[in-house]
There are 2 protein chains.
Amino acid sequence: MSRDPSEEPARPAKAAKPVRRRGRPARAEAAEGPGARERILAAARTEFAERGYDKTSVRGIGKAAGVDAALVHHYFGTKEQVFAAAIELSFAPALTIPDAIADGGEAGAGERMARFVFGIWENPVSRPPLLAIMRSALTNETAATVLRGLIERRLLPRVAGELHVPDPEFRAQLAASHLMGIAMLRYVIKMEPMASADLEEIVAMVAPTLQRYLTEA
Amino acid sequence: MSRDPSEEPARPAKAAKPVRRRGRPARAEAAEGPGARERILAAARTEFAERGYDKTSVRGIGKAAGVDAALVHHYFGTKEQVFAAAIELSFAPALTIPDAIADGGEAGAGERMARFVFGIWENPVSRPPLLAIMRSALTNETAATVLRGLIERRLLPRVAGELHVPDPEFRAQLAASHLMGIAMLRYVIKMEPMASADLEEIVAMVAPTLQRYLTEA
């Protein structure tokens, strides 16, 4: 059901391409080895996941990756840009939601969306980075802007493109908001009975709601 | 529709009753004046709202209230206990949700719940403290525990008591999760089109969902 994001190749994130080539001789870059960029990105992802946006520093990311902070700047630019690259990597599993909704036609689209999203949340590998993204976006304006941009650019148009209802983006957000709220109660605040509820029971209740939002005019 | 929490009297919060009477002579307490407790509570609420749980300190609350940090400890105990008192005050408007659901019978319960909760969020006075509570609970384990306790003790049983469906607490949380998720998208992450959507359009879509959760077996 869910993709394990650790299986995703650490491909160059789009938001991270424009880098400032500053204060770093090419020789030193070569000395760090060809895997330095990927190591930095992995370290950034872990640091942001564990500390949140506010408490993460470029220096700390460099330290965790075993490189100088200058090399982090060299590859990714500012802290905001490092975050954009890390968030895009962590968000990769969610970017296939449109396919999950579309594959199989309108019937069952709500249930497929619910199962797919809960699949990401229930997976112990993909949950922490997703949690970190949400926490950062809810507490830091810059992080919220980065997440909003990623969703508005990469996810929302594709989901809306699969829907045949009025205001498809609004409908997609109604569905997403419900799943987001359940995730908060179940995985973050851990409120009972939601935290321990059987996933099948949740899907049974929520799927008809999503189906209505996604397909009923 | 919404209650202005600033109109709520700054009554002693239940969670704040057991205080540690330490390191503070009764004479100094008297010198601070009879309004000191209320001033401290108001300052705590503002500090937690503006800085979040992690960045708020008892010293900072004392400073904002114009009293010594020791007096804050004297009245409320630990930072966690000050937070519990502040959260309970900020959460007061939400504690009347059960009445909003019950008044008028089953028909329209979903719409009344939606209107009541959005009324609190749309009110510029009650939104910031509510936002602060959510942010704190999503980023700090202690804050989450305090909020969870407050809801489990004071809100959930009363809402569930009004419902005539199987698993009434689970149903109440399904409804609450949806409103919470919309609030995140609309007021925190400010994602379009949800952020600018007409409130009536949102209520029209969401009310039938809540109605189903709250009333259909």
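The legends below describe close-up views of a predicted model with chains A and B.

In this predicted model, local features need pLDDT of at least 70 and side-chain atom pairs count only at pLDDT 80 or more, while totals for chains, interfaces and linings use all residues. Residues are numbered from 1 along each chain as its sequence is written, chains are lettered from A and ligands numbered from 1 in the order in which they are written, and side-chain values use heavy atoms, with hydrogens and water left out.

**View 1. The contact between chain A and chain B takes 41 residues from chain A and 41 residues from chain B.** Contact here means heavy atoms within 4.5 Å. The size of an interface is often given as the accessible area lost when the parts come together. About 3,800 Å² is buried between chain A and chain B, and carbon and sulfur atoms give 67% of this area; buried area is the accessible area (1.4 Å probe) that two parts lose on being put together, summed over both. On the side of chain A, the residues that lose the most area to chain B are A:L138, A:F170 and A:M205, which together make up 18% of what that side buries.

**View 2. Polar contacts and salt bridges link chain A and chain B.** Between the two chains, 18 residue pairs are in polar contact, both residues being at pLDDT 80 or more (a pair of N or O atoms within 3.5 Å; within protein, one must be able to donate a hydrogen and the other to accept it, and residues adjacent in sequence count only if both atoms are side-chain atoms). Five helices of chain A, namely α2 (36–55), α8 (127–139), α9 (141–162), α10 (168–188) and α11 (199–215), each supply at least two residues of the side that touches chain B, and α10(A) gives the most, with 13 residues. Helices (H or I, at least four residues) are DSSP runs, numbered from the N terminus. The interface also has 2 salt bridges, a salt bridge being a side-chain nitrogen of Lys or Arg within 4 Å of a carboxyl oxygen of Asp or Glu. B:D54 forms a salt bridge with A:K55, and their closest N and O atoms are 3.4 Å apart.

**View 3. A salt bridge within chain A joins A:E122 and A:R186.** The closest N and O atoms of this pair are 3.1 Å apart. Because A:E122 lies in helix α7 (residues 109–122) of chain A and A:R186 in helix α10 of chain A, the pair ties together parts that are 64 residues apart in sequence. Over all chains, the structure holds 16 salt bridges.

**View 4. The loop between α10 and α11 of chain A holds A:K190 and A:P193.** A cis peptide bond joins A:E192 and A:P193, with omega about 10°. A:K190 has a positive phi of about 55°, although A:K190 is not a glycine. In chain B, a cis peptide bond joins B:E192 and B:P193, with omega about 5°, and B:P193 lies in the loop between α10 (168–188) and α11 (199–215) of that chain.
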